[in-house]
Structures are given as structure tokens and as C-alpha cells.
Amino acid sequence: MRNLGLTRSFVLLAVAATVAAACASDKPTSSSTTATGPATSAVTGSSTTGSTTGQTTGSTTGQTISSTADAAVDLSGVCPNPIVIQTDWFPEAEHGSLYEMVGSSYKVDTDKKRVTGPLVAAGRPTGVDIEIRAGASAIGNNTVSATTWADDSITMAYANTEAQVLQRPKTPLISVIAPLELNPQMVMWDPATYPDVKTLADLGKKNITINVFGGGVFPQVLVAEGIWNKGQVDPSFDGSPARFIAEDGKIAQQGFASAEPYSYEHVYKWGKPVAFQTISDAGFKVYSQTLAVRPDDVVKLGPCLTKFVPIVQQAVVDYVNSPDRANAIIVDAVKQYNTFWTYDMALASYSAKQQKNLGFISNGPDSTLGNIDEARVQRVIDQMREANLKVPADLKASDLFTNQFIDPKIGL
């Protein structure tokens with residue numbers, strides 16, 4: 001489960017307080033949601049051997065064969081081997097599409113916190129390997145963009161819109177696909193204490209204390225827009241549930257709609273549902289955990305990206321429809337890493353269901369999965385400017401992404 005003392009946002013925000021949230025905000029179509037109970041039970045078809053390798057049992061590939069992938073995709077000779085992806089945190093279900101592409105004979109490097117295995121496309125070999133690297137303390141709590149620019153072996157990295165904006169002058173990244181259409185970041189409250197609160201705007205009207213990590217972008221934007229007032233925002237959150245529980249839900253608190261509602265009801269002593277609204281539903285619709293490359297690599301890796309990005313699109317579809325195998329790899333890797341971060345199949349299953357049911361994984365503005373909406377990105381840039389954040393004067397939305405490698409036929 002999510003560790004009591006640290007969360008992914010806390011580590012990255014503390015390192016780059018003025019750069020802002022490493023895991024940004026976004027949400028589905030509902031304005032306010034009360035968490036449901038646990039999802040499915042843990043999967044029993046995965047096991048590990050030794051301390052550094054993992055092997056899934058059962059099917060030789062464990063992958064869903066998609067009707068859109070009747071022929072194997074050969075990436076050898078056109079893509080780096082391995083394709084290295086730097087993530088923003090330790091393995092979790094929000095990274096499910098990446099682990100969907102990991103073949104059954106994967107290995108876990110417990111020292112460097114990396115999972116490496118054959119890269120499979122809808123269950124079929126591609127001729128290259130994939131290496132998924134953990135973020136946070138595994139990269140010295142550096143930002144993902146800085147780590148990517150310092151290490152040429154990294155092919156692609158996680159990015160989010162607001163960090164791309166603020167980090168562009170020194171470590172620019174260009175998003176090529178958005179596996180998550182909406183970011184699960186949210187603010188939650190106790191529905192019993194505040195039955196009339198349905199939105200983040202309601203929190204503002206009632207002047208309820210909102211506990212957030214220091215240095216985040218979204219609180220500054222919401223204050224600038226008059227949704228919250230500056231005095232009610234308490235930037236002392238440390239990732240622990242202790243204060244929310246101790247104050248008996250009299251405060252609101254940031255978190256992730258794909259995880260905390262389950263943990264607060266079924267793991268922590270709170271033991272009750274929480275209500276929440278995502279930051280996206282409140283109007284700050286950043287893209288989070290996109291896959292991005294250094295600007296020059298849009299051309300240099302073009303032939304590879306043309307083949308690989310559709311594979312990622314299909315991996316998202318396959319994961320959301322059948323997440324158990326990838327989740328088993330995630331749980332196995334976390335267990336072998338043996339850090340403060342813990343994660344089990346119950347939480348992974350809940351997260352996968354939330355991602356599907358609340359639209360965190362969904363199509364873009366059309367019938368295509370993974371494409372990025374220029375108007376939406378531009379709106380985020382404008383909101384950050386209006387909040388007096390350090391946005392490059394000449395920056396425009398098209399500087400931060402490209403849809404040129406997206407296959408428009410792949411979607412949910």
C-alpha cells in the first residue's frame with residue numbers, strides 16, 4: 001500500500017518546489033465521487049524466483065492478443081535495445097501499460113530499481129527488450145527531466161504538462177503519447193463531516209483547510225482563479241494519513257483517486273469512504289505521466305516511435321481490459337525492491353478499476369487513445385501565466401507535444 005510517510009508527489013515536489021507537482025492533476029467527468037469498496041482479489045498466477053529475477057507462470061506470454069495486432073512488430077534495428085523508460089515513481093498500477101509490454105522472462109534489478117525483459121506487442125516478441133526504471137529515491141529524488149537529460153541511455157521518460165512548462169528552459173521534453181487521458185490527482189474530504197461539499201469550489205466557499213504538499217502548481221492556479229483563498233491552503237502535507245485521521249476529517253487533503261480512497265477505507269484506521277474531486281474536474285486539466293522524448297529525438301527516434309507508440313497505445317487498451325498479469329509484475333517488482341514503498345494486488349486491482357471507471361484511461365477528444373489535445377494544453381499554459389508562474393514568454397502548446405506517431409485507429 002501507499003507508504004504512510006511518503007508519496008510520489010511529495011518526493012518530487014520537495015526536490016523541485018518551484019517547479020511543481022511531479023504527478024499532476026486531472027480527472028473524469030463526474031464532479032464529485034465517493035469511493036467504492038475494494039476491487040478484485042489478488043492474482044495467484046505470478047511468482048518470483050530468487051532475489052533478482054521474476055518469472056510469471058501460466059501462459060508463455062501472459063498477454064492479450066489483440067485483433068489490431070495480427071502480425072508481429074519487429075523493432076530490431078530501428079529502435080534502441082533496450083528501450084529504456086524512466087518513470088516518476090516506484091511501480092504502481094498507473095504505470096500498467098508499461099508493464100503490459102514486459103515479457104514473462106523479466107528480471108528485476110534490486111540495486112538500480114529496474115525491470116528488464118523482452119518487449120512484447122500484444123503478446124508477440126518485437127526483437128528488443130524494454131527496461132522500466134523507477135523514479136523518486138531510485139534517481140536520487142531528482143526530477144525526471146533532469147535525469148533524462150543527464151543520461152543518454154534513457155529513450156523516453158514520464159512527463160506532465162506543468163513540469164514541461166516550467167522545466168522547458170533547461171530540460172525540455174516533448175510528449176509523444178498520453179497513456180492516461182486524465183490525471184488521478186484529487187483533493188478529498190470526509191462526506192460525513194461535510195455532506196454539502198461536492199466540489200473543490202465548495203471547499204473554497206466554506207473556507208475549509210486544505211492540506212497539500214508545498215510547491216505544487218495546482219493550489220497556486222486554484223487560488224489565482226478564486227476557487228480557493230490563499231489562507232485556507234496549508235502546504236504542510238507530508239504524505240501521511242495521520243493528520244486527516246487525527247482531526248477526524250475536518251480538513252481536506254490532496255491525494256490520488258486511484259489509490260487513497262481504497263487505502264483510507266480498507267487499510268488505514270480511518271476505515272470509512274472519502275469523497276473527492278479531481279483537479280481536472282476543477283478545471284486544471286494537465287496531462288500526467290505522458291511518454292516524452294528530448295526534442296532532438298523526435299526526429300532521431302522517428303522511425304522507432306512510428307512503430308513503438310502504437311504498441312504503447314494497444315498496451316493501454318490491453319491493460320485496462322485485463323490488468324492482472326501486468327499488476328502481478330508491478331507487485332513483484334515492488335516486493336523485490338524492498339523499500340519504504342509497498343504495493344499489493346488488492347490496491348493494484350482497485351487502481352486499475354478506478355482508472356477505467358473514472359476515465360483516467362480513456363480516449364482523447366475523439367475515438368483515439370493517447371493523442372493530446374492542443375487546446376487543452378494551451379489552456380494549462382494560460383492558467384499558469386495567469387497565476388504568475390514562470391512560464392517562458394514565447395511558449396505555446398505545440399512546443400510540448402506531437403501526435404505524429406499516434407495510430408488514430410487504436411482506441412477504447
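Which residues have the most contacts inside the largest nonpolar core? The points below take up this matter and then turn to other sites.

1. Basis of the note. The model is predicted, so local features require pLDDT of at least 70 and side-chain atom pairs count only at pLDDT 80 or more, while totals for chains, interfaces and linings use all residues. Residues are numbered from 1 along each chain as its sequence is written, and side-chain values rest on heavy atoms, with hydrogens and water left out.

2. The largest core. A nonpolar core is here a set of buried Ala, Val, Leu, Ile, Met, Phe, Trp, Tyr and Cys residues joined through side-chain atoms within 4.5 Å; buried means under 20% relative accessible area, exposed over 50%, and partly exposed in between (1.4 Å probe, protein chains only). The largest such core has 63 residues, and Ile 83, Tyr 99, Phe 308 and Tyr 343 have the most contacts inside it. Helix α10 (residues 302-321) gives the most to this core, with 11 residues. Helices (H or I, at least four residues) and strands (E, at least two) are DSSP runs, numbered from the N terminus. A second, separate core has 38 residues, including Val 187, Ala 275, Met 384 and Leu 389. In soluble globular proteins, nonpolar side chains tend to be buried together.

3. Surroundings of Ile 83. Contact means heavy atoms within 4.5 Å. Residues up to four places away in sequence not being counted, Ile 83 touches Leu 75, Leu 119, Val 128, Asp 129, Ile 130, Glu 131, Thr 155, Cys 304 and Phe 308.

4. Helix α10. Of the 20 residues of α10, 16 are buried, so the helix is largely enclosed by the rest of the structure.

5. The disulfide. With a disulfide taken as a pair of cysteine sulfur atoms within 2.5 Å, the count comes to one. Cys 79 is joined to Cys 304, with an S to S distance of 2.0 Å. The link is right-handed, with 105° about the S-S bond. It connects distant parts of the chain, 225 residues apart: Cys 79 lies in the loop between β3 (53-56) and β4 (83-86), and Cys 304 in helix α10. Both Cys 79 and Cys 304 are buried.

6. Asn 211, in strand β11 (residues 210-211), is buried with a relative accessible area of 2%. A polar contact is a pair of N or O atoms within 3.5 Å; within protein, one must be able to donate a hydrogen and the other to accept it, and residues adjacent in sequence count only if both atoms are side-chain atoms. The side chain of Asn 211 reaches the backbone oxygen of Asp 234 at 3.0 Å. Glu 260, in helix α8 (residues 260-266), is buried at 4% relative accessible area. A polar atom of the Glu 260 side chain lies 2.9 Å from the backbone nitrogen of Phe 256.

7. Strand β14. Ala 275 and Gln 277 point one way from β14 (residues 275-278), Phe 276 and Thr 278 point the other way, and all are buried. Two strands pair if DSSP finds at least two bridges between them. Strand β10 (residues 185-189) and β14 pair in the antiparallel sense over four bridges. Thr 278 in β14 is the bridge partner of Met 186.
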